[in-house]
Amino acid sequence: MRTSVEGAQRITYCLKRKPIITSLMNADELPSVLATESNIVFILRTDIFNIESIVEQIQEAGKLSFVHFDLIEGIGKDRAGVTYLAEKVGIDGIVTTKNTIIVEAKKLGLLTVQRLFVFDSVSLDNGIKMIKASNPDAIEVLPGMVCERIMDRIRAEVDVPVIAGGLMIDLEDFDTALKSGVIGISTSSKELWRWQDEHMQ
């Protein structure tokens with residue numbers, strides 16, 4: 001099984017010069033996603049009928065494909081579902097809120113990003129416990145705007161790269177998130193996709 005250090009390093013390397021992850025909300029946006037300079041794509045919504053073609057096109061464009069496991073339709077939310085995505089579809093990584101899925105995905109050699117919703121101190125405490133138990137390659141904190149307030153706490157508790165996600169709409173959000181110490185952001189904002197293509201070489 002690949003170590004979390006290796007996975008974390010790979011994700012961090014991909015985001016070093018291209019810190020904006022393109023989030024694919026529906027198949028209609030795929031051509032726009034493929035045309036960007038991003039190195040990583042989060043596939044947020046799709047189904048068992050379309051996932052294989054989407055992943056193939058993303059990988060042919062030289063990008064890493066991460067599937068949001070909790071939202072994909074038509075695939076069981078269990079070990080068999082992860083195995084199907086890893087071995088039949090050939091995805092590069094998984095995004096999920098679930099510890100058990102992170103553990104299974106790591107066994108299959110997938111890159112892993114654990115989504116952490118932070119609404120208050122209790123959800124942050126619980127989230128940190130989950131991260132310690134599952135040891136993902138990276139964390140995606142939602143909403144991303146809370147990162148500047150909680151990064152010190154996260155750093156003190158776990159040594160895992162952080163991605164800001166959710167409500168990352170404009171350049172101010174992007175700048176604030178990066179200054180907090182995250183390695184990148186995930187966004188469906190085409191404005192930010194274009195900005196990265198024009199400015200992050």
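Predicted model: local features only at pLDDT ≥ 70, side-chain atom pairs only at ≥ 80, totals over all residues.
Residues are numbered from 1 along each chain as its sequence is written, and side-chain values use heavy atoms, with hydrogens and water left out.

View 1. Helices (H or I, at least four residues) and strands (E, at least two) are DSSP runs, numbered from the N terminus. The crossing of H6 and H7 is right-handed; that is, the near helix is turned clockwise from the far one by less than a right angle, anticlockwise being left-handed. On the H6 side, Leu-124, Asp-125, Ile-128 and Lys-132 meet Ile-150, Arg-153, Ile-154 and Glu-157 of H7. Contact here and below means heavy atoms within 4.5 Å.

**View 2. Asn-135 lies in the loop between H6 and S6.** Asn-135 has a positive phi of about 55° although it is not a glycine. With a relative accessible area of 37%, Asn-135 is partly exposed. Buried means under 20% relative accessible area, exposed over 50%, and partly exposed in between (1.4 Å probe, protein chains only).

**View 3. A cis peptide bond joins Leu-142 to Pro-143.** Omega of this bond is near -10°. Pro-143 belongs to the loop between strand S6 (138-142) and H7.

**View 4. Val-141 sits in the largest nonpolar core.** A nonpolar core is a set of buried Ala, Val, Leu, Ile, Met, Phe, Trp, Tyr and Cys residues joined through side-chain atoms within 4.5 Å. This core has 46 residues, of which Ile-43, Leu-85, Ile-139 and Val-141 touch the most other members. Not counting residues up to four places away in sequence, the residues that Val-141 touches include Leu-116, Val-118, Ile-150, Ile-154 and Val-162. A second, separate core of 15 residues includes Ile-11, Ile-21, Leu-44 and Ile-163.

**View 5. Ser-186 is buried in the model.** Ser-186 is part of strand S8 (residues 184-187), and its relative accessible area is 4%. Its side chain makes a polar contact with the side chain of Glu-140 at 2.5 Å. A polar contact is a pair of N or O atoms within 3.5 Å; within protein, one must be able to donate a hydrogen and the other to accept it, and residues adjacent in sequence count only if both atoms are side-chain atoms. Leaving aside neighbours within four places in sequence, Ser-186 is in contact with residues including Ile-21, Ser-23, Phe-42, Ile-163 and Met-168.

**View 6. Helix H8 (residues 171-180) has the buried residues Phe-174, Ala-177 and Ser-180.** They cover an arc of only 130° around the axis, which puts them on the same side of H8. The arc is that of the directions from the helix axis to the C-beta atoms. An α-helix has 3.6 residues a turn, so residues three or four places apart point the same way. What covers the buried residues of H8 includes strand S1 (20-24), helix H7 (147-157), strand S7 (162-165), S8 and helix H9 (190-199). Glu-172 and Lys-179 are exposed, on the face of H8 turned away from its buried side.

**View 7. Asp-170 caps the N-terminal end of H8.** A side-chain oxygen of Asp-170 lies 3.2 Å from the backbone nitrogen of Glu-172. Leu-167, in the loop between S7 and H8, has a positive phi of about 65° although it is not a glycine. Leu-167 counts as exposed at 51% relative accessibility. After H8 comes Gly-181, whose phi is positive, near 110°.

**View 8. Asp-70 is found in the loop between strand S3 (64-68) and helix H4 (79-89).** Asp-70 is buried, with a relative accessible area of 18%. Its side chain makes a polar contact with the side chain of Thr-97 at 2.9 Å. Not counting residues up to four places away in sequence, Asp-70 also touches Lys-77, Val-95, Thr-96 and Lys-98, among others.
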